[in-house]
Amino acid sequence: MVIVKHTYIADLKHKVGEEVTLHGWVYNKRSSGKIWFLILRDGTGSTQCVVVGGQVPDEVFDLDGVLTQESSVSVTGVVKEEKRAVGGYELEVSDIRVHQIAQNYPISKKDHGTAFLMDNRHLWIRSKRQNAVLKVRAEIIRACRDFLDSNGFVNLDTPIFTANACEGTTTLFETDYFGQKAFLAQSGQLYNEANIMSFGKVYCFGPTFRAEKSKTRRHLTEFWMLEPEMAYCDLDENMEWAEGLICHIVDWALHRCKEQLDSLERDTSQLRKVKKPFARVSYTDAVEILQNSGEGFEWGGDFGGGHETIISDHFDGPVIVHRFPAAIKAFYMKRDPEDERLALGMDFLAPEGYGEMIGGGEREADYDTLLRNLKQHKLSEDAFQWYLDLRKYGTVPHSGFGLGLERTVAWICGLSHLRETIPFPRMIYRLEP
RNA sequence: UCCGGAGUAGCUCAAUGGGUAGAGCGGGUGGCUGUUAACCACUAGGCUGGGGGUUCGAGUCCCUCCUCCGGAGCCA
């Protein structure tokens, strides 16, 4: 069913010669005495509206001196093809209806600092650039769901209030749950592992919370994570799913977000190079790459952002790193049967220095081994009783991963900071607006 | 928590070796019939982040606190 309530700026090219009414906000205004120009934006784009003295009632013409940036107006006029207008079309105004005159809009047409813009995030999202980024975000979400939905995955969302830490290591936000301690979820994975035993392939997609006091452009305290989980799936197949998902996202964005990526001046040649199969490198070989590049890196450590960049630059494209030292990975990761020191984990590193987008791996499916790992990590056996149950009643090899949505948006859009990839970012020093 | 950097008009930034705080944008007033972050003229707007110190004199030098930005660690 299609509901058409009114005309949008994006549709003007199909309305040449017709009289339409646009509903939007004043983006800019230029006056030249007996003629003035109103740049209107409506969320789908912006267009120039021309107001000519003598061709409209005086009270409409006099709005030149009244309208301010971001005032809300409905503009009626005939659509005209016009080379002089940005976008190629303009509206010959016959009437303007004012909804409200905006007062002292704080964001001007000139440059602003990020601190000021973040304080005015509720207004900043109206800008063309933020509109483009957030549109790409919405399309990437569609791409993720489209890929999984059309590949037999069932979307089952997992709780945000949880009683326990999933990995024990990272800091969690604590809340009061009717007198009991509760934590905000940092992953839905453990619940996904229960769900796959009913549905085979599932995914959850929602906000997750990390109370780490990270202070970098690559971290938010609240971010969205897509987490697929598959029964009867080993590490190799897991990597193929991750690869397929990334390719689908990139493809989708290149086709459906052309206009947005153009306006963000994203060089898409790098994105076009993202093709299957991705390079795969073991942790051990990656360490060798680091050492050969002159980094004093020792086997057993975790990669930092700089290390990831060196590794992905070495492959000039996307790369999946696999089989990490078990000591630096979570208790639920399956050990490599060929080398007990290793865990069957994998990270997907995006090119151009964007680093880790995906982290995941094959899960430990054996009851006794999992119990031993729990104890080694000094986690409470009681709290994980239900999780251990999954290994008692028809356990199977299974794998999954988590994709950081905001990091993916930043990479696709070519942004240097995650704060622009979500409407209202939450960071260590940013809880408002 | 550690290491850098920055706080001056509503916003973005200037201010030579301490010596009367300026510009652009935005606001206000006026002008202009095709403007493209339009332009031109005039105009209002300041406890230089807070506190203390040195000095005849501090935006500038010293101490201290606060806030923000970038990076490290941790991670998606």
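A residue counts as near a molecule or strand if one of its heavy atoms lies within 4 Å of it. This is a predicted model, in which local features need pLDDT of at least 70 and side-chain atom pairs count only at pLDDT 80 or more, while totals for chains, interfaces and linings use all residues. Residues are numbered from 1 along each chain as its sequence is written, chains are lettered from A and ligands numbered from 1 in the order in which they are written, and side-chain values use heavy atoms, with hydrogens and water left out.

**Around RNA strand B**

- Of the atoms of RNA strand B within 4 Å of the protein, 44% belong to sugar or phosphate, and the rest belong to bases.

- An N or O atom in the side chain of R30 is 2.3 Å from a phosphate oxygen of RNA strand B.
- R419 also reaches a phosphate oxygen, with a polar side-chain atom 2.9 Å away.
- H219 instead has a polar side-chain atom 2.9 Å from a base oxygen.
- Elements that give two or more residues to the surface near RNA strand B are β1, β2, α2 (114–119), β11 (222–231) and β16 (355–362).
- The largest share, four residues, comes from β16.

**The barrel**

- Helices (H or I, at least four residues) and strands (E, at least two) are DSSP runs, numbered from the N terminus. Two strands pair if DSSP finds at least two bridges between them.
- Five strands close into a barrel in the order β1-β2-β3-β5-β4, with mixed pairing.
- Strands β1 (residues 19–31) and β2 (residues 35–41) pair in the antiparallel sense over six bridges.
- V26 has L40 in β2 as its bridge partner.

**Strand β15 and its partners**

- Six bridges pair β15 with β13 (residues 319–325) in the antiparallel sense, and V321 stands opposite D347.
- Strands β15 and β16 run antiparallel, joined by six bridges; here L349 stands opposite E356.

Methods. A polar contact is a pair of N or O atoms within 3.5 Å; within protein, one must be able to donate a hydrogen and the other to accept it, and residues adjacent in sequence count only if both atoms are side-chain atoms.
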